Amino acid sequence: MKTQITKVVAIFSFLFFTMAVYAGTMGANSDKLKGNWSYSLPDAPYGYQDGSIEFKEVDGKLTAVARVGTSSYTIKEIKKDGDTFHCGLLVDGNEVKVSIKADKEELTGTVTADGWEMLITFKKIKE
């Protein structure tokens with residue numbers, strides 16, 4: 001009986017430790033995204049090739065507001081899968097999917113719209 005209790009305590013301790021490490025890693029990677037960035041999307045149609053985006057945390061969720069010309073687009077939730085962040089948004093009635101990887105001082109990724117995949121790069125805007 002005593003060994004079973006010890007095993008249960010050890011398993012719960014391991015699970016708690018694993019969840020704490022995962023949460024810490026997610027927060028650290030999310031922090032890399034937070035802030036204002038300019039982006040370049042050279043293969044996009046005219047008018048959508050560059051703009052800015054602000055990543056922030058709202059109610060414990062990573063969100064963003066993208067600005068293209070005079071338009072803004074709200075991204076309500078950005079999800080993390082491994083080392084990649086994923087989100088979707090509607091741009092002029094079209095569903096757009098974005099995947100982003102954080103790499104030191106730069107973000108890179110892909111944007112998919114209407115079956116067309118384009119490379120996107122982000123540069124941190126110095127405040």
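1. K123 and E106 form a salt bridge, with their closest N and O atoms 3.1 Å apart. The term salt bridge denotes a side-chain nitrogen of Lys or Arg within 4 Å of a carboxyl oxygen of Asp or Glu. This pair links distant parts of the chain, for K123 belongs to strand β9 (residues 116-124) and E106 to strand β8, 17 residues apart. Strands (E, at least two residues) and helices (H or I, at least four) are DSSP runs, numbered from the N terminus. E106 is partly exposed, its relative accessible area being 28%; the label partly exposed covers values between buried (under 20%) and exposed (over 50%), with a 1.4 Å probe and protein chains only.

2. The model is predicted: local features need pLDDT of at least 70, side-chain atom pairs count only at pLDDT 80 or more, and totals for chains, interfaces and linings use all residues. Residues are numbered from 1 along each chain as its sequence is written, and side-chain values use heavy atoms, leaving out hydrogens and water.

3. By the rule stated above, the count comes to 3 salt bridges. Side chains of opposite charge can pair when their charged atoms come close. One of the salt bridges joins E57 to K34, with 2.8 Å between the closest N and O atoms. E57 lies in strand β2 (residues 50-58) and K34 in the loop between α1 (2-33) and β1 (35-40), so this pair ties together parts that are 23 residues apart in sequence. E57 is partly exposed at 45% relative accessibility, and K34 is also partly exposed, at 26%.

4. K101 and D83 meet through their side chains in a salt bridge of 4.0 Å, N to O. Because K101 lies in strand β7 and D83 in the loop between β5 (79-81) and β6, the pair ties together parts 18 residues apart in sequence. K101 has a relative accessible area of 40%, while D83 has 48%.

5. Strands β6 (residues 84-91) and β7 (residues 94-103) run antiparallel and are joined by 8 bridges; two strands count as paired if DSSP finds at least two bridges between them. F85 has I100 in β7 as its bridge partner. The two strands form a hairpin with 2 residues between them, and D92 in the turn has a positive phi of about 50°.

6. β7 also pairs with strand β8 (residues 106-113), in the antiparallel sense and over 8 bridges. Here V96 has A113 in β8 as its bridge partner.

7. T63, in strand β3 (residues 61-68), is buried at 10% relative accessible area. Leaving aside neighbours within four places in sequence, T63 is in contact (heavy atoms within 4.5 Å) with residues including E54, F55, I75 and I78.
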